[in-house]
Amino acid sequence: MRRYETIFILRPDSGDPQIKEAIKRYEGIIAAGAGEMIETEEWGSRELAYKIKGERRGFYIRMDYVSPGPVMNEVERNLRISDAVLRYLSVLVDDNADVAKAREELEARNRRIAEAKAAQEARAAALMASREQPAEEAPDAPEEIMDAAVEEIAGPEGDREPD
């Protein structure tokens, strides 16, 4: 079995029910052809680099799946004849893919993303807590810095006469 990734762009005026219906349709074609879905991502509405069929925006969807070659051809044929699809692209990711291994990689990636997000939130919370520290606990740093600067300029003699 081969692992494919197909990205397609739907018209921006497609409503949420039509988008869900399109996704189910293509997932159904894959399932009917003895393929297995690994992941489906909705990237949302985005600005296009140039007009495609008179549209400046499009709704992006990414499907990652494992299937025989003819199934991918059938998915592309259906994408080609659909009026709602502006563009599509299918890419062969792996010529000899293992579904279990692909799902493990996906779960590991999602765990790393979740851990990074949690760490970022913890740093943001710590920063907010340090900013909310009461004024009497915080040292008066600007005055201390100014005093040190005045002493440094004055030098060891104390007062300096202007040159």
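Buried residues have under 20% relative accessible area, exposed residues over 50%, and partly exposed residues lie in between (1.4 Å probe, protein chains only). The views below show a predicted model, in which local features need pLDDT of at least 70, side-chain atom pairs count only at pLDDT 80 or more, and totals for chains, interfaces and linings use all residues. Residues are numbered from 1 along each chain as its sequence is written, and side-chain values use heavy atoms, with hydrogens and water left out.

**View 1. The largest nonpolar core has 19 residues.** A nonpolar core is a set of buried Ala, Val, Leu, Ile, Met, Phe, Trp, Tyr and Cys residues joined through side-chain atoms within 4.5 Å. The members that touch the most other members are F8, L10, Y26, I61, M63 and Y65. Two or more residues come from each of β1 (2-10), α1 (16-32), β3 (55-67) and α2 (69-81). Helices (H or I, at least four residues) and strands (E, at least two) are DSSP runs, numbered from the N terminus. The most residues are given by α1, which supplies six.

**View 2. D64 and R3 form a salt bridge.** A salt bridge is a side-chain nitrogen of Lys or Arg within 4 Å of a carboxyl oxygen of Asp or Glu. The count by this rule is 14 salt bridges. In the pair of D64 and R3, the closest N and O atoms are 2.6 Å apart. Because D64 lies in strand β3 and R3 in strand β1, the pair ties together parts that are 61 residues apart in sequence. D64 counts as buried at 2% relative accessibility, and R3 counts as buried at 15%.

**View 3. E41 forms salt bridges with R62 and with R109.** The side chains of E41 and R62 meet at 3.0 Å, N to O. This pair links E41 in strand β2 (residues 36-52) to R62 in strand β3, 21 residues apart. E41 is partly exposed, with a relative accessible area of 24%, whereas R62 is buried at 7% relative accessibility. Between R109 and E41, the closest N and O atoms are 4.0 Å apart. R109 lies in helix α3 (residues 99-131) and E41 in strand β2, so this pair joins parts 68 residues apart in sequence. R109 is partly exposed, with a relative accessible area of 31%.

**View 4. A network of salt bridges links R3, E5, E39, E41, R62, D64, E105 and R109.**
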